[in-house]
Amino acid sequence: MADSDVLDDDGRRDFLVKVTSVVGGAGAAAACIPFIASMNPSSDVLSKATTEVDLSGIPEGGMHTVAWQGKPVFVLHRTREQIDAMKNSNGGFQPEPDQQRVKQPEWLVVVGVCTHMGCVPNKEGPGWTCHCHGSQYDDSGRVVRGPAPKNLEVPPYRFIAADKLVIGEA
Amino acid sequence: MSNKIIQWIDHRFPLTSFVKHELTAYPTPRNLSYWWNFGFLAGFVLVLQVVTGIFLAMHYKADIAMSFDSIQHIMRDVNYGWLLRFMHSTGASAFFLVIYIHMSRTLYYGSYRAPRELMWWTGQGLLLLLMATAFMGYLLPWGQMSYWGATVITNLFRATPFIGDQVVVWLRGDYTVGDATLTRFFALHYLFPFLIIGGVMVHLVALHTVKSSNPSGIDLADKDNIPFHPYFTSKDFYGLGIFLIVYCTFVFFFPNSLIEPANNIPANPMQTPNHIVPEWYFLPFYAILRSVPNLVGGVVAMGLSVMVFSFMPYLDRSQIPGGAHFRPWYRVMFYLFVVDMLVLGYIGYIPPTDSSIIVGQAATLVYFTLFILLPYISRREEQWLIRRGLPPEVQALIVSETREISKYPKRRRRGDTT
Ligand code: FES
């Protein structure tokens with residue numbers, strides 16, 4: 001013991017400095033966690049998870065916008081022609097058959113948030129146009145003109161009655 | 001009596017010597033033009049924004065149910081609330097105007113070159129802080145433009161590799177811009193100005209170490225430096241008078257010209273306005289963002305377009321003094337850059353059409369090409385200028401100043417003129 005107690009044992013001193021720095025650094029990093037985590041969505045935000053939609057009031061060809069988790073969701077009652085047109089195309093940049101995007105062909109449910117930078121596209125002519133940077137989507141919510149990179153997202157939803165669906169759970 | 005008090009203080013704190021050294025007797029090149037006014041003006045606007053901001057915060061409510069109305073309350077009910085608010089909203093534009101001129105002067109005269117790199121880099125940091133502060137402040141009125149501007153910009157963080165979506169939610173504290181976003185933006189909007197003040201201190205300490213540059217670009221000898229007070233205090237205050245005339249014209253006669261009409265509509269998360277425009281001071285960078293047809297590419301290009309200024313001390317390879325003053329090629333590049341910025345600003349302002357997108361892409365290309373070509377052009381230009389020789393007056397000035405400096409090397413360094 002006496003030998004290693006010499007004051008000028010540089011190796012030992014270096015080691016102690018390193019260990020102290022690592023432990024201190026880890027402690028400081030751990031102390032950041034609560035602060036960073038506090039900025040994530042709080043429980044009350046997380047709890048507004050599902051939204052119920054009454055479909056009876058939406059005429060054929062009409063669209064309702066409902067709020068789900070604070071985001072707009074488009075519920076489009078598609079006409080026969082719209083359904084046929086969508087069946088025959090495969091979208092643009094991100095080809096995807098129409099059948100995979102709907103549960104019942106008459107009802108298209110998509111999150112109304114442009115996949116480019118999050119504006120809400122407007123229903124215009126066939127499909128939607130995003131006025132922020134000019135992206136276009138077809139009546140299946142598939143992107144047909146950029147700059148948006150992806151199709152409109154289909155949220156999890158299910159029909160709980162013939163004219164009722166709930167968004168937020170599959 | 002007051003002498004005694006000052007003596008008492010000086011015994012414990014370097015008051016007199018500090019004021020003399022850094023303010024009254026601080027040696028300043030006697031040939032500074034009015035372009036050297038804008039650092040002082042930026043400091044003035046900073047104080048203006050902090051003061052008006054603190055008084056506005058006494059009446060503002062950071063809650064999505066109340067914030068829009070609290071602005072109306074400030075405008076209608078609070079005594080002089082309209083004045084405080086218009087001073088603050090006009091002050092934001094004034095701040096950017098002053099800073100952009102300050103930066104242009106630095107670029108034109110090559111003041112970013114050694115030994116002033118740290119001034120340039122602390123300035124770049126301050127610009128980023130200023131942009132962040134302005135962006136967060138813009139959300140607070142909770143109007144349509146506030147809301148959708150914040151939505152679009154926070155969405156840019158989706159470009160973060162791997163955890164993009166989580167980062168966006170983390171920044172907002174919600175799936176969309178919401179109450180959590182508003183309150184944190186308010187907290188940070190209040191904090192950042194104080195970080196800016198700290199940054200300004202560092203900026204000033206660096207300035208007082210390397211001293212002001214001057215239009216000749218030549219390190220001036222002692223005899224050509226004059227005390228800051230009264231010569232530059234009076235010059236700065238004269239410039240301040242001119243600035244205040246312009247500023248007050250906007251505050252009192254055109255306060256709404258700087259506020260988007262759409263922002264008088266309360267934020268509606270279900271409906272995007274037909275045309276989203278950022279504030280004028282972000283337009284060129286916004287145009288660069290839009291002209292890249294890919295999200296990640298656009299974000300990278302926009303980030304680079306702001307950060308590229310930091311590389312200037314390395315990109316500019318010419319030792320010729322005086323920046324664009326004595327450098328015809330660099331001068332052409334400088335003016336091309338200014339024009340390109342204006343074009344980008346206009347493109348960022350108008351709604352995107354096929355032809356405007358092409359123009360925007362061309363302007364973006366010009367923007368980056370200028371920086372990329374600078375090392376090559378500046379070196380060729382230097383060789384050419386050395387071969388051709390600088391104008392005789394400049395040569396004579398360089399010779400006489402270096403002779404003076406080598407005769408009294410210490411005096412200039414210490415920063416005393418007496
Ligand atoms: S946000 Fe829709 S096109 Fe950019």
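I shall speak about two interfaces, beginning with the one inside chain B and then turning to the one between the chains. Please bear in mind that this is a predicted model.

Chain B is assigned two domains, domain 1 covering 29-276 and domain 2 covering 277-405. Their C-alpha centres are 23 Å apart. Domain 1 of chain B brings 40 residues to the contact, and domain 2 of chain B brings 44. Together these domains bury about 3700 Å², with carbon and sulfur atoms giving 67% of that area.

What polar links cross this boundary? There are 16 residue pairs in polar contact between domain 1 and domain 2 of chain B. The rule also finds one salt bridge across the interface. A salt bridge joins the side chains of B:Lys223 and B:Glu401, at 3.8 Å from N to O. On the domain 1 side, the elements giving two or more residues are α5 (81-109) and α6 (117-139) of chain B. That side has 26 nonpolar, seven polar and seven charged residues.

I now turn to the interface of chain A and chain B. Here 28 residues of chain A meet 25 residues of chain B. The buried area is about 2400 Å², and carbon and sulfur atoms give 59% of it. Within chain A, the residues that lose the most area to chain B are A:Met39, A:Met117 and A:His133, together 27% of what that side buries.

How many salt bridges are counted between chain A and chain B? The count is zero, while six residue pairs are in polar contact. The chain A side divides into 13 nonpolar, 13 polar and two charged residues.

Technical notes. Residues are numbered from 1 along each chain as its sequence is written. Chains are lettered from A and ligands numbered from 1 in the order in which they are written. This is a predicted model: local features need pLDDT of at least 70, side-chain atom pairs count only at pLDDT 80 or more; totals for chains, interfaces and linings use all residues. Side-chain values use heavy atoms; hydrogens and water are left out. Domain bounds come from an automatic or database domain assignment. Contact means heavy atoms within 4.5 Å. Buried area is the accessible area (1.4 Å probe) that two parts lose on being put together, summed over both. A salt bridge is a side-chain nitrogen of Lys or Arg within 4 Å of a carboxyl oxygen of Asp or Glu. A polar contact is a pair of N or O atoms within 3.5 Å; within protein, one must be able to donate a hydrogen and the other to accept it, and residues adjacent in sequence count only if both atoms are side-chain atoms. Helices (H or I, at least four residues) and strands (E, at least two) are DSSP runs, numbered from the N terminus. Ala, Val, Leu, Ile, Met, Phe, Trp, Tyr, Cys and Pro count as nonpolar, Asp, Glu, Lys and Arg as charged, and the others, Gly among them, as polar.
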